[in-house]
Amino acid sequence: MTELLRDNLRLLSEDVQQVDLADRVRVGSRRAARRRTAFAAAAVIAIVGMAMTVAFALPTSWRVPPADPSPSLITVPPPTPAGAYVFATDPPPDTSLDGVALTVPAWPGADADQTCGGEIVLHGGSYNFPTGAYRQLRLVKAVPHGPRSVAALFQCPLAEPGRRFQVVDYERDAATYRVHGQVLVSRPGGVEAMFDLDVAGAEIRVEVGDWAGSLTANEASHFSVHQWRAYAWNGGAFTQVGGPTTFAPNPNEYALSVAASPLVFGPPRNATRTGTVTLTLRNTGSGLAAPADVTVSVGTYTAFVAAQSTACPGGSWASPAPGIQRCPVGRLAAGASIELSLVFTVATTLSALSTLDDEGSVSIGEDGSPRIGLGDTGNANRRATFTITLA
Amino acid sequence: VGPADEEFDAYVRFRTPALLRSAYLLTGDQHLAEDLVQTALVRTHRVWSRIHQGNPDAYVRKVMYHQQIAWWRRRRLTEAPLENVPELAGWGGPDEAAAISIRVSLRGALLKLTPRQRAVLVLRYFEDRTEVETAELLGVAVGTVKSQTAKALARMREIAPELVELSGVGQSPLRGGAR
């Protein structure tokens, strides 16, 4: 069972959507540092304030004033069944250029810490950069042509999306290979992925795709619009001589976004304050979105009152962890939007208010179901923050 | 931003994909996985100057596994466990449906284990850690790792017998294709 478990754990782990957490970690670190500094001061204030708080702390009612009964839901597209994509790992790299010293030209505009250009020697069809344990170059395919030339398709899987593929033409002189020219280099928003390579006469043909937002070429292949394009040497550089030059709209693409109103807690009433945050969820893309969740994080000091909030379109509100509220919203059609309101309560005691954060966050993302579309090529609008204040 | 921060930024960027995969297996949830990794990295940042020349991976993973157990304890007091198993009807052909079914079973089974059992399985069979390394990361005895592993595997056989049946056949739809 354990070998099967090992394989399936690995494949299940690939269901997670990769996101860049660098900004969130940076903000979180700054906030944690501020909290540590403020904690000492707050402790002194708390001792002084405790006596004043006693009067407000008794007796406590946690009821929330009635909310507006009119629903604020705008549109809820019905769930639609669709084919799921099962993640496949890429085939083993091509080993035909193993042991050969090669120069791989840089990807223009690529992040130096992630890109794979440089002097390399392939072993087992791949090269691990010694100065960055997280950089790896794979040879997807090499096609010899003419007596001394070989075209090579490379993949740099951990680089930024859109800067992971390139085709290089080499000329062999005795045992050394020198770069004849870069045939095609991927770039964000253009040819992002390359899947196959062929040579016909003087033309080098490349199967290209418009999307490379995943870690595997197989997944990029599944969700891309595919084309074959032909390139030839014009005496100074490789230029395109055949095939389409633009991509048709990708039917798999959708674009989820979320926005939130400020959360303002009203005046104290029965030793509590209530506040409402309104969320607007949209699919601004051209395709039906994957099943999604919306997740709101406000901190552990609040009490969430589900009965006072807009119905959850794909199920019910749940709290998977302290301070986090979650609602499945189903699949948003192209152009659809949903508006949701949540009511929170917070105690007016000093101990509650002293932990009040000044910012909450909301995010929308696939709910963990197997992937059914390529989703956003950039997910910058999938997360929003909102201010938290007392009136 | 000093060199240490730049180094930490680079570490975050390069390790996030791998950490997210482990966190997803631990939580079974995209958002919780993101929160778990973020929390672990924020805590790691506080001690970065002390650990960056040693083994920061071990530190961040230790925080992650302990944080997951702490969250579960807090959540257990007030809330029902999260059940979020997607519907299968209408998806793909037979091979694809079988592959998805296995994944859903595995995910569901993992979520029904205790956090420590889940952590042991992830460390032993996903990260390929030895029993000694697993014990070190979780802060428990090697004997505990052995017993938790045995219990976790037994529980998984009980919850998801199809995983056991497939092991007899020696072929998983996930491994065998369904491309």
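Modeller: The model is predicted: local features need pLDDT of at least 70, side-chain atom pairs need 80 or more, totals for chains, interfaces and linings use all residues, and side-chain values use heavy atoms, without hydrogens or water. Residues are numbered from 1 along each chain as written, chains are lettered from A and ligands numbered from 1 in written order.

For Phe, Tyr and Trp (six-membered ring), pairing needs centres within 6.5 Å; planes under 30 degrees apart are stacked, over 60 edge-to-face, the rest tilted.

Now chain B. Phe8(B) and Trp48(B) also pair edge-to-face, with 5.1 Å from centre to centre and 70 degrees between the planes. Phe8(B) sits in helix α1 (residues 3-27) of chain B and Trp48(B) in helix α3 (residues 48-51) of chain B, so this pair ties together parts 40 residues apart in sequence. Helices (H or I, at least four residues) and strands (E, at least two) are DSSP runs, numbered from the N terminus.

Next, the sulfurs. Over all chains, the structure holds two disulfides (cysteine sulfur atoms within 2.5 Å). Cys116(A) and Cys156(A) form one of them, with 2.0 Å between the sulfur atoms. Their link is right-handed, with 70 degrees about the S-S bond. This pair connects distant parts of the chain, 40 residues apart. Cys116(A) is in the loop between β1 (101-104) and β2 (118-121) of chain A. Cys156(A) is in the loop between β5 (149-155) and β6 (165-173) of chain A. Cys116(A) is at 0% relative accessibility, so it counts as buried. Cys156(A) is at 1%, so Cys156(A) is buried as well.

Cys312(A) and Cys327(A) are also joined by a disulfide, S to S 2.2 Å. The torsion about their S-S bond is about 100 degrees, so this disulfide is right-handed. Here too, distant parts of the chain are linked, 15 residues apart. Cys312(A) lies in the loop between β16 (302-304) and β17 (318-321) of chain A, while Cys327(A) belongs to strand β18 (residues 324-330) of chain A. Both Cys312(A) and Cys327(A) are buried. Counting bonded cysteines along chain A, the pattern is 1-2, 3-4.

Two arginines bring the chains together. Arg24(A) is in helix α2 (residues 22-57) of chain A. Its relative accessible area is 12%, so Arg24(A) is buried. What does Arg24(A) touch, leaving out residues up to four places away in sequence? The list is Arg383(A), Glu34(B), Asp35(B) and Gln38(B), with contact meaning heavy atoms within 4.5 Å. The side chains of Arg24(A) and Gln38(B) make a polar contact of 3.1 Å. Such a contact is an N or O pair within 3.5 Å; within protein, one atom must be able to donate a hydrogen and the other to accept it, and sequence neighbours count only if both atoms are side-chain atoms.

Arg26(A) is in helix α2 of chain A as well. Its relative accessible area is 30%, so Arg26(A) is partly exposed. Its side chain makes a polar contact of 2.7 Å with the side chain of Asp23(A). A polar contact of 3.0 Å joins the side chains of Arg26(A) and Asp9(B).

Last, the setting. Chain A has four helices and 21 strands. Of its 391 residues, 51% are buried. Among contacts in chain A with a separation of 6 or more, 63% are between residues 24 or more positions apart.

Notes
Buried means under 20% relative accessible area, exposed over 50%, partly exposed in between (1.4 Å probe, protein chains only).
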